[in-house]
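Hi,

Here is the structure I promised to pass on. Have a look at it first, then read my notes on the sheet below.

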Amino acid sequence: MSDDRHEQAGRERVPGRRRSRFPGISSRAYEHPADRSALVALRKLTGFDTVFKALSGLLPERSLRLLFLSDSVRVSDRQFTHLNDMLRDACYILDLQKVPAMYVTQDPKPNAMCIGLDEPVIVVTTGLVELLDEEEMRAVVGHEVGHALSGHSVYRTVLLFLTTLALKVAWIPLGNVAIMAIVTALREWFRKSELSADRAGLLVGQDLQASMRGLMKIAGGNHLHEMNVDAFLEQAEEYESGGDLRDSVLKILNVLPRSHPFTTIRAAELKKWAASRDHQRIMDGHYPRREEDKEARVGESFRQSAASYASDVRTSKDPLMKLVSDLAGGAGDLGGRVRRGFNGFAGQAPPKDAPPGDAPV
């Protein structure tokens, strides 16, 4: 539904401002480089769609659809109409021709997801609907529509299936190890896909502050008067740069089982992208079109992904990433650097009377 139709409806909860629309936009426009390279490669595989459609007979997709239909509330022009308006708006702005089915399910934990092999289904919890205001929720709906446009729902469904399978074969050592290796790789990709979807949410809502507020509320609950965006972003800075090599290892261990990046990191990444030239070009109407997707080259996408990871390492303030960057640049004394890092001296000035071997990195 366009903004004009919203204005005609005269709903007080729908803002009157106009938002830009992106006809024919390709999901490559907003996808994180690591996410984009994986998707381009998968789309180039001959028979990829056939294989995944064959998998649909093994996955519990039909069961999930019946479960939502029987035990959740389907969003429509008669139920959760404000969510229905947002959904149609998001599809209009991102030019997604077929509007996905959307359900609200009873769950106090704020959450949303987009799943499905044949057709994407968006599910939001009552906890999320009750937590967010209109503009914050608009960003979330745009986030999920972004997942649908990118085709993430297919891979998320496979991830859910493999995670369940890993639990069932946990008693088989080698079988579980093999499946968990795939699950770990999928989770790393999916964390990057969440950053892509956050960008899609910003393109739909076109209100960075609303996106920031939504992420803060997901982290800290409905206490917006007690929170501050700048302070929240400072947490991400402290998380990335603080501690020593032991903290760096703990960060890796903490994030491995997660399918989503930490909320402070998501907020910082989204703010950085919002200030980028890539975002401004999209808002100016300069973006890749869907009709050009078949021409996208796998090699170029992987080079962009590798460049993105390399840039992350170079610019990271994390002690381990700084060590990796220094070593890649030819710095020596690996053993001494690691010892000092684990002793908590990374980035600190040495005492004046410190012996020569205790100089910091």
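One cut-off before the rest: I call a residue buried when its relative accessible area is under 20%. Also keep in mind that this is a predicted model.

Five of the five residues of β4 are buried, so the strand is largely enclosed by the rest of the structure. Side chains in a regular strand alternate between the two faces of the sheet. In β4, Val121, Val123 and Thr125 point one way, while Ile122 and Val124 point the other way, and all are buried.

Now the sheet around it. It is open, with four strands in the order β1-β2-β4-β3 and mixed pairing. The edges are β1 (73–74) and β3 (112–115), each of which pairs on one side only.

Going across the sheet, the pairings are:

- β1 with β2 (residues 101–105): antiparallel, over two bridges. Arg74 has Tyr103 as its bridge partner in β2.
- β2 with β4: parallel, over five bridges. Tyr103 turns up again here, with Val123 as its bridge partner in β4.
- β4 with β3: antiparallel, joined by four bridges. For Ala112, the bridge partner in β4 is Val124.

Cheers

Methods: Residues numbered from 1 in each chain as written. Predicted model: local features only at pLDDT ≥ 70, side-chain atom pairs only at ≥ 80, totals over all residues. Heavy atoms only, no water. Pairing = 2+ DSSP bridges. Buried < 20%, exposed > 50% of the residue type's maximum accessible area, 1.4 Å probe, protein only.
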